[in-house]
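Q: I am new to this structure and would like to go through it step by step. Could we look at it together?
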Amino acid sequence: MATLKELKIRIGSVASSEKITGAMKMISSAKVHMEEQNLKRLTPFKDQIRSIMGHILSTGENFNSPLIEPRDVKTVGVVVFGSDDGLCGAYNINIFKRFLIRLDSLRQTYGKDLDVVVYPVGGKMAKAMRHIENDGVRVVVPAGVDSKMKGQKVTEFTKLLRDSFISGELDLVEVVYMKFKSMSRQILTADQLFPVTEEMLSGGKESQEDNQLYIFEPDPNSIFNEVLPMFVMSTMQEITVENRASEQAARVMAMQSANDNAKKLFEELQLEYNKLRQQSITTELLDIIGGQVGR
């Protein structure tokens, strides 16, 4: 049974932990709000690109671009977003499990001999992927690519994926990540990045009648090939920010859970301490009374 001194030390330790988790929760909450603002700033740009693509697609022309050409799939590139830091609960584990499910689905669709190139984003995810690397799965970690990368690095990474697809090194590129909805809700998502499909662009599609107001120069196909890489870039930027927001939201929930557990443990230890202290006082009183009676 613990002594009063030992219980007092444990209570102090739990109280300190409660303060630390509370502070970390506040920091992560602030980071979530910051990433939410970043998402709002990205939205007008992506909406404008979708609008342009909608006008172009409504011309009814046949467009040619290496980014939209489907091909027989023999090699798939999968970008898996995770975190570089811990203390975010089951965030990385859930994404890793979603990737394994997607990997199994891809092999069922394209055959067991399918080659998969995994691009983990974040140190924790890279470490997890090393455990499944084998003849059919190759892990590639580009220099400077992590969960905290900003605009320029995201652009470089997207260009690397685009060039790998155009060159034929990759026949299909997908992204597995946590889509941010709110502080308490994030959705595990697997989206296709290359080849770009009409469904991916249809968000801003407009009617043929609306399109009569526009004159395209030099021609719709040339504009299409200029805007399409921008669409892919904005999509990747959005995914990166959503991943960071989801990571911080998961950390908020983890710190909240840790804080609640610390409070519960603190109350239990405090109750045990009070009982032991009362027992000690009672014993001392009985000893004093016993001594007086003995006289």
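Q: To begin with, how many of the 11 residues of strand β4 are buried?
A: In strand β4 (residues 172-182), 8 of the 11 residues are buried, so the strand is largely enclosed by the rest of the structure. Buried means under 20% relative accessible area, exposed means over 50%, and partly exposed lies in between, with a 1.4 Å probe and protein chains only. Helices (H or I, at least four residues) and strands (E, at least two) are DSSP runs numbered from the N terminus.

Q: Before we go on, what kind of model is this?
A: This is a predicted model, in which local features need pLDDT of at least 70 and side-chain atom pairs count only at pLDDT 80 or more, while totals for chains, interfaces and linings use all residues. Residues are numbered from 1 along each chain as its sequence is written, and side-chain values use heavy atoms, with hydrogens and water left out.

Q: Back to β4, then. In which sense do β1 and β4 pair?
A: β1 and β4 pair in the parallel sense over 5 bridges; two strands pair if DSSP finds at least two bridges between them. Val80 has Val176 in β4 as its bridge partner.

Q: And in which sense do β4 and β5 pair?
A: β4 and strand β5 (residues 185-194) pair in the antiparallel sense, over 9 bridges. Glu174 has Gln192 in β5 as its bridge partner. A hairpin through 2 residues joins β4 to β5.

Q: Changing topic: how many aromatic pairs does a search of the whole structure find?
A: The search finds 3 aromatic pairs. Rings of Phe, Tyr and Trp (its six-membered ring) pair if their centres lie within 6.5 Å; planes under 30 degrees apart count as stacked, over 60 as edge-to-face and the rest as tilted.

Q: Why is the pair of Phe63 and Phe224 called stacked?
A: The ring centres of Phe63 and Phe224 are 4.6 Å apart and the planes are at 25°, so the pair is stacked. This pair links distant parts of the chain, 161 residues apart: Phe63 is in the loop between α1 (4-57) and β1 (75-81), and Phe224 is in helix α7 (residues 220-294).

Q: What about Tyr119 and Phe157?
A: Tyr119 and Phe157 form an edge-to-face aromatic pair, with 6.1 Å centre to centre and 65° between the planes. Here too the pair links distant parts of the chain, with Tyr119 in strand β2 (residues 115-121) and Phe157 in helix α4 (residues 151-166), 38 residues apart. Both Tyr119 and Phe157 are buried.

Q: Which residue lies over the face of Phe165?
A: Arg71 does, at 4.1 Å from the ring centre. A charge sits over a ring if NZ of Lys or CZ of Arg is within 6 Å of the ring centre and within 35 degrees of the ring normal.

Q: Now the charged pairs. How many salt bridges are found in the whole structure?
A: A search of the whole structure finds 11 salt bridges, each being a side-chain nitrogen of Lys or Arg within 4 Å of a carboxyl oxygen of Asp or Glu. One of them joins Asp85 to Lys148, with the closest N and O atoms 3.0 Å apart.

Q: Where are Asp85 and Lys148 in the chain?
A: Asp85 is in the loop between β1 and α2 (91-110), and Lys148 is in the loop between β3 (137-139) and α4; they are 63 residues apart, and the pair links distant parts of the chain. Asp85 is partly exposed at 33% relative accessible area, and Lys148 is partly exposed at 48%.

Q: Which residue does Glu133 meet in a salt bridge?
A: The side chain of Glu133 meets that of Arg130, at 3.3 Å from N to O. Glu133 is partly exposed at 35% relative accessibility, and Arg130 is partly exposed at 45%.

Q: Which residues are linked in a network of salt bridges?
A: Lys159, Arg162 and Asp163 are linked in such a network. Within it, the side chains of Asp163 and Arg162 meet at 4.0 Å, N to O.
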